[in-house]
Amino acid sequence: SMAPMVVDTAVGVLAGLTAVGMTKPKHLGQATKIGGGLLTLVAAGAYCGLCRLSPGTDQVALGGAGLACWVCLLSMNYWDNSRGELAPRWRALGVGNLSFLDEFLLSLHPVALATALAGLIGGLCGPVVAMVLLFPAATVAAIVLFGRPASYPGSARVRRIERLPKWPVCKASVEPGWVFAEAEESHSVTEHLVDNGHKLRGEPAGRQIWHFDPTRTKQTKLPFHAGDNPNSADLLFRRERITHWKAKGGSVPKAQSTPSTDPREAARRGVEFYSMLQCEDGHWAGDYGGPMFLMPGMVITWYVTGRSEAMLSPAATRAMSVYIRNHQQVDGGWGTHIESPSTMFGSTLNYVALRLLGAPADDEACVRGRDFIREHGGALYTSSWAKLWLCVLGVMDWRGPNP
């Protein structure tokens with residue numbers, strides 16, 4: 001009779017859906033959510049359905065499913081490691097890339113769990129009772145898997161982003177007046193700007209800040225193009241240090257000098273060059289401007305706490321706006337860091353920051369950024385960190401980033 005076989009197949013399908021929900025098939029691929037699920041449903045359904053083809057196979061199915069259950073439970077804790085660390089070591093595919101064989105092997109996790117559920121519950125309770133028991137769990141799994149994600153848009157990217165970062169020729173430039181201060185001077189500047197009667201108690205050595213001096217308006221604007229050098233403070237910082245070096249009577253090596261073939265002369269010129277950039281307390285300053293996801297958090301904090309000029313001056317907000325515009329890429333998005341292709345993480349945060357800094361919705365940069373975000377599914381598909389800031393801002397419900 002075909003009826004028992006159909007019932008067992010239905011049990012397999014329900015068990016497959018439940019297993020897929022328990023093992024998160026989105027780990028199997030970035031673009032599709034149902035590839036691993038379909039494989040699981042077919043394998044589990046066929047397994048359970050074929051168990052009725054000959055007498056006595058229910059006991060075999062029960063034993064095999066029990067063994068599969070144990071194997072699955074033992075390996076389940078290593079799911080992420082298998083996907084993210086072990087698989088690339090099996091073959092030299094590069095970090096984050098899995099071959100078809102890797103994805104097939106990883107799909108055996110839900111297959112094993114599905115056969116275990118179907119075999120154990122069906123063998124102990126019978127197929128009809130198994131259907132009743134598995135139906136609620138399978139329904140919940142189906143809703144979670146095939147519905148629009150509210151908090152889990154996917155795990156780590158299985159395949160690398162194929163697009164490369166590309167920036168348009170920069171048109172925006174920071175206004176003259178920005179001055180570099182380090183060590184003790186940086187403490188004095190901060191205490192003057194905050195002016196709350198308190199002294200900074202931290203170690204000044206190695207501290208660096210930029211502050212705006214309206215009397216320095218005769219500075220020459222420096223060009224900036226992220227495609228040539230994405231580190232936005234390089235030219236500004238070198239100009240500041242060289243100006244300071246000249247004020248002390250130092251000489252500047254000729255930029256177009258002929259390279260020396262003498263090792264001693266080459267070393268001497270290298271020492272001269274880095275001596276110009278050395279700060280007064282002996283350290284060499286470094287620009288921590290790589291991440292594109294840090295400054296937006298500060299902008300959001302400034303906005304929700306009242307937009308105090310003591311926290312961010314008008315000059316600072318104008319400079320931040322220039323910075324965001326200069327790092328927007330040709331596709332309209334922003335990267336996670338200054339050399340990254342556009343991502344939903346960087347794009348969502350920097351778009352929000354640009355709006356909070358005063359850019360209107362119909363601003364060209366905002367329109368392009370909004371288009372990129374919408375083309376990639378909307379802010380619902382950004383990272384948990386970005387969702388946290390959206391909740392702080394009040395534009396996303398706190399259920400959004402709930403793990």
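Colleague: Where is lysine 218 found?

Modeller: Lysine 218 sits in the loop between β2 (208-212) and α8 (234-247); helices (H or I, at least four residues) and strands (E, at least two) are DSSP runs, numbered from the N terminus. This is a predicted model, in which local features need pLDDT of at least 70, side-chain atom pairs count only at pLDDT 80 or more, and totals for chains, interfaces and linings use all residues. Residues are numbered from 1 along each chain as its sequence is written, and side-chain values use heavy atoms, with hydrogens and water left out.

Colleague: Is lysine 218 buried or exposed?

Modeller: Lysine 218 is exposed, with a relative accessible area of 81%. Buried means under 20% relative accessible area, exposed over 50%, and partly exposed in between (1.4 Å probe, protein chains only).

Colleague: And how far apart in space are lysine 218 and glycine 177?

Modeller: They are 7.8 Å apart, C-alpha to C-alpha, though 41 residues apart in sequence.

Colleague: Switching to aromatics, how many aromatic pairs are there?

Modeller: The count comes to seven aromatic pairs. Rings of Phe, Tyr and Trp (its six-membered ring) pair if their centres lie within 6.5 Å; planes under 30 degrees apart count as stacked, over 60 as edge-to-face and the rest as tilted. One of the pairs is phenylalanine 293 with phenylalanine 345: the ring centres are 5.1 Å apart and the planes at 20°, so this pair is stacked.

Colleague: Where in the chain are those two?

Modeller: Phenylalanine 293 is in the loop between α9 (263-277) and α10 (295-304), while phenylalanine 345 is in helix α12, 52 residues apart. Both phenylalanine 293 and phenylalanine 345 are buried.

Colleague: Why is the pair of phenylalanine 293 and tryptophan 385 tilted?

Modeller: Because the planes are at 55°, with the ring centres 5.1 Å apart. That pair also links distant parts of the chain, as tryptophan 385 is in helix α14 (residues 384-393), 92 residues from phenylalanine 293.

Colleague: What about the whole protein: how many helices and strands?

Modeller: The protein has 14 helices and four strands. Of its 403 residues, 40% count as buried.
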